[in-house]
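Subject: Structure handover

Hi,

Here is the structure we discussed. My notes on the helix contact and the salt bridges follow below it.

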Amino acid sequence: MTLSLIDTIRAAGTPRSDWSREEVKAIHDAPFAELMHAAGEIHRLHHRAGEVQKSQLLSIKTGGCAEDCGYCNQSAKFDTGLKASKLMDTDTVLEKARAAKAGGATRFCMGAAWRSLKTRDEPKICEMIEGVKALGLETCMTLGMLEEGQAERLKEAGLDYYNHNLDTSPEYYEKIITTRTWEDRIETLARVRSAGIKVCCGGIIGMGEGAEDRIGLLTELARLDPHPESVPINHLVPVSGTPLSGSAPLDGLDFVRAIATARIIMPLSVVRLSAGREGMSRELQALCILAGAGSIFVGEELLTTPNPSLTRDAQMFETLGLEAR
């Protein structure tokens with residue numbers, strides 16, 4: 001990565017959606033100190049350094065999913081010991097949202113283990129969105145694929161963000177998921193964008209993919225026009241019973257490289273340090289924040305996997321001098 005490339009990014013003032021894999025690879029593979037410096041510079045151009053949003057994620061419908069995503073213990077196709085549950089009632093969701101706000105979260109995300117949103121569940125989902133929005137929290141939903149008109153109805157209810165990840169590169173995708181195509185994901189993202197809902201779209205790292213696949217994922221995200229407003233970068237949490245339970249651990253610095261690269265090529269997006277923090281040291285999390293991560297998920301559970309305690313996160317914020325957004 002040359003200084004001229006960083007100058008070009010800085011001078012442009014607006015994001016690009018014409019990134020080539022070669023350009024992204026040059027950034028991703030740069031000497032670590034240069035990469036971190038560049039990511040920090042880009043972050044400070046568009047975001048407030050040291051400010052990290054606290055978000056909270058709730059599983060509003062757990063398990064029994066018809067998909068075969070190799071990383072997920074909510075798939076009905078894998079024996080993981082997870083008990084499936086029905087869609088939560090709205091009052092319980094709002095109680096959880098109030099607790100999240102009291103704990104410092106300003107964004108409340110709700111996820112249902114569905115292949116797609118069913119028409120019969122729309123009224124209840126919209127009721128949840130309206131209730132959480134009324135509490136003064138940002139709202140985000142992840143409900144699987146959306147059909148024609150559904151995104152518009154979610155927008156009318158007040159939904160701010162819809163999460164639908166690309167997960168990995170197009171080339172590696174079929175090794176992780178066979179029940180939903182890459183094109184299916186792109187179609188849902190287009191419906192979300194057309195309805196005027198902000199896009200939350202990222203991926204998972206550490207699923208046995210190579211560096212080229214991580215570069216491919218980041219390139220595809222940065223080719224979305226406009227870029228996703230929210231880019232969650234997840235570290236695989238291996239769960240017993242899933243096909244990826246035996247995945248080799250990813251080098252922590254490779255994870256930081258992905259965060260820093262995302263920060264540079266999608267400068268206006270909020271890069272979110274998402275799943276996998278429970279297995280990360282405080283030092284590794286600090287590097288991710290220095291690389292441009294502007295959000296973490298708080299609460300002791302992230303859907304169905306462990307997450308650091310509120311006390312542990314509070315200590316990290318104090319030690320690093322971070323300010324909650």
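Is Glu 67 buried or exposed? Glu 67 is buried, because its relative accessible area is 1% (buried means under 20%, exposed over 50%, partly exposed in between, with a 1.4 Å probe and protein chains only).

Some ground rules. This is a predicted model, so local features need pLDDT of at least 70 and side-chain atom pairs count only at pLDDT 80 or more, while totals for chains, interfaces and linings use all residues. Residues are numbered from 1 along each chain as its sequence is written, and side-chain values use heavy atoms, with hydrogens and water left out.

Salt bridges

The count is 22 salt bridges (a side-chain nitrogen of Lys or Arg within 4 Å of a carboxyl oxygen of Asp or Glu).

Glu 67 pairs with Arg 115 at 3.2 Å, N to O. Glu 67 sits in the loop between β1 (51-61) and α4 (90-102), and Arg 115 in the loop between β2 (107-112) and α5 (122-134), 48 residues apart. Helices (H or I, at least four residues) and strands (E, at least two) are DSSP runs, numbered from the N terminus. Arg 115 is partly exposed, because its relative accessibility is 32%.

Arg 185 and Asp 167 also form a salt bridge, again 3.2 Å from N to O. Arg 185 is in helix α7 (residues 182-194), and Asp 167 is in the loop between β4 (161-163) and α7. They are 18 residues apart. Both Arg 185 and Asp 167 are buried.

Salt bridges with shared partners join Glu 147, Glu 148, Glu 187 and Arg 191.

Lys 25 meets Glu 212 at 3.1 Å, N to O. This pair links helix α2 to helix α8 (residues 211-223), across 187 residues. Lys 25 is partly exposed at 33% relative accessibility. Glu 212 is partly exposed at 44%.

Helix contact

Helix α2 (residues 21-28) also packs against helix α9 (residues 252-265): their axes come within 9 Å and cross at roughly 125 degrees. Axes are lines fitted to C-alpha atoms, for helices over the stretch in contact, and angles run from 0 to 180 degrees between N-to-C directions. The pair is therefore oblique (under 35 degrees is roughly parallel, over 145 roughly antiparallel, 65 to 115 roughly perpendicular, the rest oblique).

Val 24, Ile 27 and His 28 in α2 contact Arg 257, Thr 261, Ile 264 and Ile 265 in α9 (heavy atoms within 4.5 Å).

Best wishes
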